[in-house]
Amino acid sequence: MINKAEKLAQSIEFTHLDNTATVEEMKAFFDKAKEYPFYSVVVLPHFVKLAKEELKDTNMKVVTVVDFPLGAGNTEGKVAEAKAAIAEGADEIDMMANIPSIKQHDFEYVKNDIAAVKEAIGDHILKVIIENPVLNEDEMAGASRMCEEGGADYVKTSSGFNGKQHFYSLMESLRIMKKSS
C-alpha cells in the first residue's frame, strides 16, 4: 500500500540543474532520488545518459531542459537539442519559451517554435517554461495561448533563474495564464 509521502513524491520532479556539477555529485543526486518514488529527475542534457543508466531499475522518468535558462535560442537549435536529448534517453523535455519574441509580442514565432520542438519529439511530453518574472500580463497571456496553440503538453511559470517568484505573484500568474486560454 502506498503512503501519503510516496504519493506526494510521485508528483515531484526532483531537479538538479547546476552547470558545475560533477559526475560524482550527480550520482549522489541519483542515489538520493532512488530513496523516494519521484515522478522524475530533471537534469541538464549533459547528464541524460548517466541519469538513464543510474535510474534504469526505477520507474522514474528522465527529464531534461532545452534552451535553458536563457530562452533566447533559435528554433533550429532547440529542435536539435531536443532530438539529441530524446536519442540519449530523455523521456520528457522542458523547453524555455523564446523570451525575446514574447517581449516583442511576436507570438506567432513563439507558437511555431513550440510546435517545431513538439513535432521533433513526437509522443514525448513537452513542457514549456514561460519566464513569468520577466514578463508583463499581456506577455504572459500571449505566451500561454501560444503554448496551447503550439501543442505543449504542460506550461511551467518560471525557471527559477530570473528572480524570485513569490507565492502571490505565482497565483497571479496562474490567474492570467488561465484567463488567456
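Visitor: What makes the radius of gyration of the protein chain agree with that of a compact globule?

Guide: This is a predicted model, in which local features need pLDDT of at least 70, side-chain atom pairs count only at pLDDT 80 or more, and totals for chains, interfaces and linings use all residues. Residues are numbered from 1 along each chain as its sequence is written, and side-chain values use heavy atoms, without hydrogens and water. The radius of gyration is taken over C-alpha atoms, and the globule rule is 2.2 Å times the number of residues to the power 0.38. For 181 residues a compact globule would have a value near 16 Å, and the protein chain has 16 Å, so the two agree.

Visitor: Why is strand 5 called largely enclosed?

Guide: Buried means under 20% relative accessible area, exposed over 50%, and partly exposed in between (1.4 Å probe, protein chains only). Four of the five residues of strand 5 (residues 125-129) are buried, so the rest of the structure largely encloses this strand. Across the protein chain, 43% of the 181 residues count as buried.

Visitor: Which bridges show that strand 4 and strand 5 pair?

Guide: Two strands pair if DSSP finds at least two bridges between them. Strand 4 (residues 92-96) and strand 5 have five bridges, in the parallel sense; E92 has I125 as its bridge partner in strand 5. Strand 5 and strand 6 (residues 154-156) are also parallel, with three bridges, and K127 has Y154 as its partner in strand 6.

Notes:
Helix = DSSP H or I, 4+ residues; strand = E, 2+ residues; numbered from the N terminus.
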